[in-house]
There are 2 protein chains.
Amino acid sequence: MSRTDAYIDQNLPHFQEELFEFLRIPSISAKPENKPDMLRTAEWLAGQIRGAGLEASIHETAGHPVVLGEWRGAPGKATVLVYGHYDVQPAEPLELWTSPPFEPEVRDGRIYARGSVDDKGQLFMHVKALQARMEAEGRLPVNVVLVAEGEEEIGSDNLVPFLEQNAERLKADYVVVSDSGMVAPGVPTIGSSLRGLAYFQVDVDGPGSDLHSGSYGGGVLNPATVLCRIIASFHDESWHATIKGFYDQVRPVEESREAISRVPWDDEHFRQETGSPALGGEKGFATLERIWVRPTVEVNGLLSGYTGEGSKTVLPSHAMAKVSCRLVPDQDPALIQTLFVEHVKRMTPEGVTVKVTIMHGGKPWRAQLGGKLYEAAAGALRAAWGRDPVYAGEGGSIPIVSDFERVLGAPVLLMGFGLPGENAHAPDEWFALENFEKGLHASASLLEQLGAE
Amino acid sequence: MSRTDAYIDQNLPHFQEELFEFLRIPSISAKPENKPDMLRTAEWLAGQIRGAGLEASIHETAGHPVVLGEWRGAPGKATVLVYGHYDVQPAEPLELWTSPPFEPEVRDGRIYARGSVDDKGQLFMHVKALQARMEAEGRLPVNVVLVAEGEEEIGSDNLVPFLEQNAERLKADYVVVSDSGMVAPGVPTIGSSLRGLAYFQVDVDGPGSDLHSGSYGGGVLNPATVLCRIIASFHDESWHATIKGFYDQVRPVEESREAISRVPWDDEHFRQETGSPALGGEKGFATLERIWVRPTVEVNGLLSGYTGEGSKTVLPSHAMAKVSCRLVPDQDPALIQTLFVEHVKRMTPEGVTVKVTIMHGGKPWRAQLGGKLYEAAAGALRAAWGRDPVYAGEGGSIPIVSDFERVLGAPVLLMGFGLPGENAHAPDEWFALENFEKGLHASASLLEQLGAE
């Protein structure tokens, strides 16, 4: 066992305490009222990075700041950029949390808190792995640039300009991102693809104000009913999307079928994890195909009229939906945005006005597997878990991954430690303590191997 | 001018002040937290009835109490039952009110407050007309029973049992209800029909908790999308309802076309009043036909997933809609409830569970025009407004009207003083001061004529 690994094992309880501090700050990027918390989090994180022996700096953006960690004490060695985000999703609905979202608590070997797995826990794991190597050996095996952003959950709008403006400073040979998951407990996983995203808000306006549904019902169109018709028009009876041109750039599923068949998978286990009465979705595709390599159109939110207790006979003046498309290679978010807006326009009847707001988008991504980065990752994961990793798609989106490749010209590795059922964007989000621990070792080992001749 | 009319004119400012007191109590029957306000309102009203010279009593029910006023000092004369309700709709969305809903304010000759026109203002008008006659003449021209309930806005569930249990005590020759409107300012109106109601809540459950729309999207059905498909299935492209059997009991529109053609009406004026970009609804029917004699299926509320600021990529575990049907003669709410539940069941795919809650129902109604009651009403309205009334349908529901006819065996008169655009169930509800004043005179004059030999 290396001195670094020993240091990790000895300091694990302390690392966990520090992670709890990190998780207690409600760094919700979507909510203006949490702006001070975002700044507090950035400063706290910069302090941790300094404590690990790196130089830390906080960089203002048009939105929330980017926190940078740098160590360039290994001339001639590779430079590894580690990316993570310190912002989290909103925690609503609060009443469904077993313990409060910003009061971390360990139950059954899991750390429960908003941001535990997505992504503060995984980001912090790298910070502590760096600290362990520094404390154990007095130096790092490679040059390191750590980039922690505060806007991943709201679209990373200001990170791309930051990358572009600092491309020289951030220049790296490899990029490592831990913001994804493993396919099952005990099965280390390397990400082979990501879905992209095109997120919209659809607002339907009818009457100038809410009307009495008796006195006016039948006289004017009901915006809530119209909204439902628009949403219903997104799919046919087979749950195949009907937006014209939607599938034109989708790669044939046949390309992925073999890799997917090698992933340990059980539909019934997955169904239980979701809690749904049955799995479902686009006909003709297996579950993992639907999640990894088929695009979706999902409703993320609906609001109209009276939603309180009891009944109110109101004809609402307004109805709102949040709708997002998960995109797969080689769909282009900009094109999908255009097609979506055109579809909604075609479905809009006279008698209402419909506005589509394009909220944000991200490109889908495919890993270029192979080379030193992927070999080192496989070795590091094998060392930590005692078995070879599998290569798995990821249904979620990390739009910044394509941007790293484009701006820095370096390959990206997705090495994530979440687990199925982790509730990343839902109440009772959790991160397995075992994965926090093994991830610390894997992170340290990855850098070690990338620094070896 | 009669002494009663003179008394009304002299005391109008004082009556208005008292009405403001009435309107200040937030008597929202739908909200458990307003239960004490409901009791306070009932007691305040009983005090007013006593002040008018009638005996007052408060009758507990399984829900909110019924307030009774009685005066039986005219043996040999007819007994007139006057009905109104002291409960109001919830005031949400509060931010759309120009002045707070429970702080009445006069602007441009209108009393703005929740309940001003529906129905506290109209109920109070009768109380003050009774007081005026009593003060001016020392007695009433007929026997009077005043019934004020506190559950009209939540379905009048406990009024029917109350009527049935007290049928002997409430026995009346005529029933007068002022909870409707006039077709236009200056055009006194007698109601010829009411729509009934069948109100539902539809709950769709999918995953056990909210899921990450990336990691799970495509794997399970989205309950919000399913809910929208169910709602979209309620109508065809012509906005004709597709619920099987829905129109089987609807009377042919031809029966009403002539009466409707006599009503002063301007589609563009109505459109402006609604604020909708265009009128719309079931193809093949004129606006007043759609509102008065054609049934509807309306969405009254929608809620699912994330509805706050920004974006959240959540696959919601639950989606809810409030949906109601306005019914026309001779549709039966019980049958429509069955048909609705069957339709939703047929539209429910595997992968979600759907629950339909039947919230409440009310029968549609048609007036049996003619006889002393309708002659007296026409005379009273003519005296107050200087012109003949028109006979108009009403798109809203007053389910209790059919019950009065059934239980008491007496004809019901709908003599209402609301106006188009009054925002009865919406923010900025108002009641025209002119109609409050003329309604006072009409109410007093109606009793006078019903008491005449």
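How many residues does the contact take from chain B and from chain A? The contact takes 86 residues from chain B and 85 residues from chain A, where two residues are in contact if their C-beta atoms, placed from the backbone, lie within 7 Å. The structure is a predicted model, in which local features need pLDDT of at least 70, side-chain atom pairs count only at pLDDT 80 or more, and totals for chains, interfaces and linings use all residues. Residues are numbered from 1 along each chain as its sequence is written, while chains are lettered from A and ligands numbered from 1 in the order in which they are written.

The model scores ipTM 0.79 and pTM 0.80. For chain A, the mean pLDDT (the predictor's confidence in each residue, from 0 to 100) is 96, and 100% of its residues reach 70 or more.

On the side of chain B that touches chain A, 33 residues are nonpolar, 38 polar and 15 charged. In this classification, Ala, Val, Leu, Ile, Met, Phe, Trp, Tyr, Cys and Pro count as nonpolar, Asp, Glu, Lys and Arg as charged, and the others, Gly among them, as polar. The elements of chain B that give two or more residues to this side include helix 6 (223–232), helix 8 (267–274) and strand 13 (318–327). Strand 11 of chain B gives the most, with 9 residues. Helices (H or I, at least four residues) and strands (E, at least two) are DSSP runs, numbered from the N terminus.

Strand 11 (residues 296–305) of chain A pairs with strand 11 of chain B in the antiparallel sense over 5 bridges; two strands pair if DSSP finds at least two bridges between them. Within strand 11 of chain B, B:Leu303 stands opposite A:Leu303.

Chain A itself has 13 helices and 18 strands. Its domain bounds, which come from an automatic or database domain assignment, divide chain A into domain 1 (3–194 + 364–451) and domain 2 (196–250 + 295–362). The centres of domain 1 and domain 2 of chain A, taken over C-alpha atoms, are separated by 35 Å. Their contact takes 8 residues from domain 1 of chain A and 9 residues from domain 2 of chain A.

The C-alpha atoms of chain A fill a box of roughly 80 × 50 × 45 Å, taken along the principal axes. Of the 453 residues in chain A, 58% are buried, that is, 20 or more other C-beta atoms, placed from the backbone, lie within 10 Å of the residue's own.

How values were computed:
Buried ≥ 20, exposed ≤ 12 C-beta atoms within 10 Å, placed from the backbone.
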